[in-house]
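Here are my notes on this structure, point by point. Please keep the model open while you read.

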Amino acid sequence: MTPEAPEESFENSHTLDPAATADSQDTINQEISDIHAAYRKGVEAGEAEETQPRIDFAPYRSSLLRHPTKDLHHTDPETIELWSPAFGQRDVHILESDLTIQHNGEPLGERIVVRGRVLDGDGRPVRNQLVEIWQANAAGRYIHKRDQHPAPIDPNFTGVGRAITGDDGSYQFTTIKPAPYPWKNHHNAWRPAHIHFSLFGTDFTQRMITQMYFPGDPLFSLDPIYQSITDQKARDRLVATYDHNVTSHEWATGYTWDIVLSGSNRTWMEDEDAH
Amino acid sequence: MTESTAKLVATPGQTIGPFYGYALPYEKDNQLVHRAHPGSIRLHGVVTDGNGDPIPDSMLEIWQADENGRIVQETGSLVRDDHTFTGWGRVAVDNVGHYTFTTVNPGATEDGKAPFISLVIFARGLLNRLFTRVYLPEDTEALANDPLLASLPEERRRTLVAEREPNGDLRFDIRLQGGDETVFLSFPGV
């Protein structure tokens, strides 16, 4: 893995394209509020609760031209789709789950441990599977050439980690708590602090990428990506729990976050499918 | 099994965002086989948006059987030794939305089944991943009998069948939105 060389020039980097940032936060809030109100009305009228983000969600401006307009086509998974690629210790060194030891010095920021389990929709642990994470540093800066906002790069923090789940589906990362960062969806847009997670299940149809958030973030209600999930219970599933049992004495605070993949359609469903 | 059979609700997905480029791609990620491997082909195409413009920040993954239709469970995708076929690959599109995998034609996993490659699409601006299939164009009888393809009108069906180029490569463009948008799939329980 070779991180692209970060460019340290911040000259004019905060000068935003006015056309891209014309909308105010109030405008975005109103759009989100209208969509959510219509959703709640639908649920009260007996429509199904939503558990996943809308892919057609206009307050997230980048989604306008990037979402299919036709319904997803329902089909039964076949052959290859009922299996997932295999990963193991050959692919991932055990030290890759510690994002604080990848350089010569200690990264700046609040050291945290994030741990949890990867489960399928039937509660089975997803064993020996790949979990990948990436995140901004404690100043809200990504090691990516397209992230040019004027916050410092930390030479001791890349923000990339990998792990292989244990027999009980467990994973654990040691990292630094990321900070919020600004983006150009609208004027004065800030993302809540988050860690990106990439996950595999036992079936390729369970493949997913998501974001884990931290409890109590004041930016939640303002963020069109988080709010693209219209249901509060579903949104809550992306928020880790502060866990004092994971916190360690004079070392790191701890968070717990379990991830549930969609149901497996593999043969082991059959004995449970009698109903 | 003593584990609970109560259904758990799936965790929501979120967009891959703009900054995965330093995190997820890795050396030889798009080379399921070495270019010199007998029977190697290029699977390539362009990812476009609702205006027909290329999307420069999309990431694709493929998952497929080997040439004999065997589904492999070999580890080692992330370390690519040029000998182990793992069946899985990943690629970040380039600045003009173009992607390339070096792979082999998958065989039929069962006699009479139309061979296809499973493909998943992530992108900035795409709030959840999309699944589709890349069918090989040759076995027209198997294609005609394929349950998914048979359930689609012709103008939709053809978005799932790759084009075989004269040199043996496969061309498969992905249109996220528009009149000719690619058919994207949902599965039970997803």
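1. How many bridges join strand S10 (residues 241-242) of chain A to S11(A), and do these strands run parallel or antiparallel? There are 2 bridges, and the strands run antiparallel. Within this pairing, Tyr242(A) has Tyr255(A) as its bridge partner in S11(A). Strands here are DSSP runs of E, at least two residues long; helices are runs of H or I, at least four residues long; both are numbered from the N terminus. Two strands pair if DSSP finds at least two bridges between them.

2. Before going on, note what kind of model this is. It is predicted: local features need pLDDT of at least 70, side-chain atom pairs count only at pLDDT 80 or more, and totals for chains, interfaces and linings use all residues. Residues are numbered from 1 along each chain as its sequence is written, while chains are lettered from A and ligands numbered from 1 in the order in which they are written.

3. Strand S11 (residues 253-256) of chain A has another partner. Strand S2 (residues 111-119) of chain A joins S11(A) through 4 bridges, and these two run parallel. Look for Val113(A), which stands opposite Gly254(A) in S11(A). Strands of a sheet pair through backbone hydrogen bonds, either parallel or antiparallel.

4. Chain A also holds an open sheet of 4 strands. Its order is S4-S3-S8-S9, with antiparallel pairing. Strand S4 (160-164) and strand S9 (208-213) are the edge strands, each pairing on one side only. From one strand to the next, the twist averages 20°; the axes are lines fitted to C-alpha atoms, and angles run from 0 to 180 degrees between N-to-C directions.

5. Inside that sheet, S3 (residues 130-135) and S8 (residues 194-199) of chain A pair over 5 bridges in the antiparallel sense. Trp134(A) stands opposite His196(A) in S8(A).

6. Now turn to chain B. It has 3 helices and 10 strands. Read from the N terminus, its elements run β-β-β-β-β-β-α-α-α-β-β-β-β. Chain B is as compact as a globular protein of 190 residues, because its radius of gyration is 17 Å, close to the 16 Å of the globule rule. That radius is taken over C-alpha atoms, and the rule is 2.2 Å times the number of residues to the power 0.38.

7. Of the 190 residues in chain B, 47% are buried (20 or more other C-beta atoms within 10 Å of the residue's own, with C-beta atoms placed from the backbone). Among contacts in chain B with a separation of 6 or more, 72% come from residues 24 or more positions apart. A contact means C-beta atoms, placed from the backbone, within 7 Å.

8. How do the two chains meet? In all, 67 residues of chain B are in contact with 70 residues of chain A. On the chain B side, S5(B) gives the most, with 4 residues. That side divides into 35 nonpolar, 24 polar and 8 charged residues. Strand S1 (residues 73-74) of chain A joins S10(B) through 2 bridges, and they run parallel. There, His73(A) has Leu185(B) as its bridge partner.

9. Finally, check confidence. The mean pLDDT of chain B is 95, and 96% of its residues reach 70 or more; pLDDT is the predictor's confidence in each residue, from 0 to 100. Over residues 1-5 of chain B, the pLDDT is below 50. Where pLDDT is low, the predicted coordinates should not be read in detail. The model scores ipTM 0.95 and pTM 0.93.

Conventions:
Two residues are in contact if their C-beta atoms, placed from the backbone, lie within 7 Å. Ala, Val, Leu, Ile, Met, Phe, Trp, Tyr, Cys and Pro count as nonpolar, Asp, Glu, Lys and Arg as charged, and the others, Gly among them, as polar. A residue is buried if 20 or more other C-beta atoms lie within 10 Å of its own, exposed if 12 or fewer, and partly exposed in between; C-beta atoms are placed from the backbone.
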